[in-house]
Every structure is written in structure tokens, then in C-alpha cells.
Amino acid sequence: MKIEIRKLEKRDNRADFSSGDIEIDRFFVKFAGQNQFKHKIGNTYIAVESHSQNILGYATVTSSSMNIKELKLSEFKKFPNYPLPIFRIARLGIDKRYQSQGIGGKLLRKMLYLAIELEELVGCVGILVDAKDDAIGFYKRYSFEIAPVVDGELPSRPMQTVMYLSIRTIHKILN
Ligand SMILES: CC(C)(COP(=O)(O)OP(=O)(O)OC[C@H]1O[C@@H](n2cnc3c(N)ncnc32)[C@H](O)[C@@H]1OP(=O)(O)O)[C@@H](O)C(=O)NCCC(=O)NCCS
């Protein structure tokens with residue numbers, strides 16, 4: 001199967017997407033479009049089958065900032081103590097008919113390249129993702145680390161695990 005990864009377009013049919021995770025599916029169908037086309041607060045990249053343009057998976061990303069000292073990671077000791085630019089993967093899901101075929105990995109790799117672009121354009125310290133329990137192993141496979149937060153979880157997403165990949169590690173992975 002030939003796969004392309006490209007930005008979501010208004011004409012794409014999101015209605016049939018089903019990853020098996022209700023929240024991931026609901027976000028894609030109801031909010032990914034308006035966030036990108038109307039509010040401009042986050043873009044969605046989709047993996048499609050080249051010929052049919054059927055959607056196989058998606059990742060919604062946004063630029064964000066974070067006071068990196070909130071994460072108890074030793075490599076941040078020398079960072080300044082104010083919010084720094086960070087690339088955030090807000091949602092990522094693969095349709096259950098196409099899981100375990102390497103598509104999630106391809107989509108994630110594309111996100112690593114986007115983080116490098118952001119680094120070049122405006123600066124970026126790495127990628128942050130709020131991982132659901134079942135996906136922690138997937139992100140670990142790509143060197144993401146669980147980032148313990150100083151006062152328990154981040155208040156915005158209390159039920160998920162914050163995971164982090166530094167821009168330095170991203171360069172190593174891609175080179
Ligand atoms: C988690 C998910 C994104 C993985 O996508 P996928 O296309 O099935 O994964 P891939 O086939 O690309 O797997 C890539 C690698 O990660 C590993 N992997 C995939 N899912 C994994 C998991 N849950 N735990 C541990 N490793 C995993 C694969 O074994 C593979 O490793 P390999 O290259 O050494 O063979 C997908 O299963 C999914 O959408 N699940 C439901 C929604 C969800 O949980 N989304 C994440 C929200 S944070």
C-alpha cells in the first residue's frame with residue numbers, strides 16, 4: 001500500500017475514521033477541522049492511501065510553550081526559567097483496520113521533521129505528548145521519556161502521561 005502524509009483538507013472525509021479510542025475518534029471528526037480551518041489553533045496531518053485518499057491515521061499538532069523546569073529532567077538544569085517553545089502532539093491515532101502496519105511510526109517520524117522545522121523557524125526545545133496508557137510503549141519505542149511533572153500531572157490533562165523527546169535526540173534519530 002502506497003501511503004502519503006499530508007495536511008488535512010476541508011474535502012477529506014473524516015466521518016468513517018475509527019481507531020478504537022472514542023476520544024481520539026470524536027476529536028478527529030468534530031474538532032480537528034474547526035481547529036485548523038476556523039480557529040487556526042492546531043493543524044492535522046493525515047496518512048492516506050495514495051490512490052483512494054482514504055484516511056488511515058492522523059496527528060494533530062500545535063505550537064506551545066512550557067516552563068521546562070516543570071519537568072524533572074536533568075538535561076533542563078541549564079535552561080532559563082521561563083516558558084520555552086515546544087512542539088506538542090495533541091492527538092495521534094491510526095484507524096484500527098490499519099494498526100500494526102507501521103503507519104503510526106511513519107506519521108510520528110513526520111512529526112519529528114516538523115519539530116526540526118519549528119526549531120529552525122522560531123526555536124523549539126523538543127516534543128511533548130500526552131500519551132494514553134496504551135500508547136506509552138509506542139512513544140517509548142521512539143525514545144520518548146516519561147516526564148514526571150513537579151506537582152503531579154499537568155492540570156490541563158490529568159488522566160494522561162506526559163512524555164518528552166528533546167530536539168537533540170530528534171536530530172540523532174533522523175541523522
Ligand atoms: C498507538 C498507535 C498510534 C500505534 O500506531 P500503529 O500504526 O499501530 O503502530 P506501528 O505499526 O507504526 O508501530 C511502530 C512501532 O511501535 C510499536 N508499537 C506500536 N504500538 C505499540 C504499543 N501500544 N506499545 C508498544 N509498542 C508499540 C510497534 O511494535 C512498532 O515497533 P517496531 O518498529 O519495532 O516493529 C495506534 O495503535 C493507535 O492509534 N491506537 C489507538 C489510539 C491511541 O492510543 N492513540 C495514541 C494516543 S496518545
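The model is predicted; local features need pLDDT of at least 70, side-chain atom pairs count only at pLDDT 80 or more, and totals for chains, interfaces and linings use all residues. Residues are numbered from 1 along each chain as its sequence is written.

Start with the sheet. It is open, has 7 strands and mixed pairing, and runs β1-β2-β3-β4-β5-β7-β6. Strands (E, at least two residues) and helices (H or I, at least four) are DSSP runs, numbered from the N terminus. Two strands pair if DSSP finds at least two bridges between them. β1 (3–7) and β6 (145–146) stand at the edges with a single partner strand each, so one side of each has no neighbour in the sheet. β6 runs antiparallel to β7, joined by 2 bridges. There, E145 stands opposite Y164 of β7. α1 packs on the sheet, touching β2, β3 and β4.

Now the core. The largest nonpolar core has 40 residues. Such a core joins buried Ala, Val, Leu, Ile, Met, Phe, Trp, Tyr and Cys residues through C-beta atoms within 7 Å; buried means 20 or more other C-beta atoms within 10 Å of a residue's own, with C-beta atoms placed from the backbone. β4 gives the largest share, 6 residues. A59 and I89 are among the residues with the most contacts inside this core.

Last, the ligand. Of the 21 residues around it, Q99, G104, G105, A135 and G137 come nearest. A residue counts as near if its C-beta atom, placed from the backbone, lies within 6 Å. β4 (83–94), α2 (103–122) and α3 (136–141) each give two or more residues to this shell.

Technical notes. A residue is buried if 20 or more other C-beta atoms lie within 10 Å of its own, exposed if 12 or fewer, and partly exposed in between; C-beta atoms are placed from the backbone. Two residues are in contact if their C-beta atoms, placed from the backbone, lie within 7 Å. Axes are lines fitted to C-alpha atoms, for helices over the stretch in contact, and angles run from 0 to 180 degrees between N-to-C directions.
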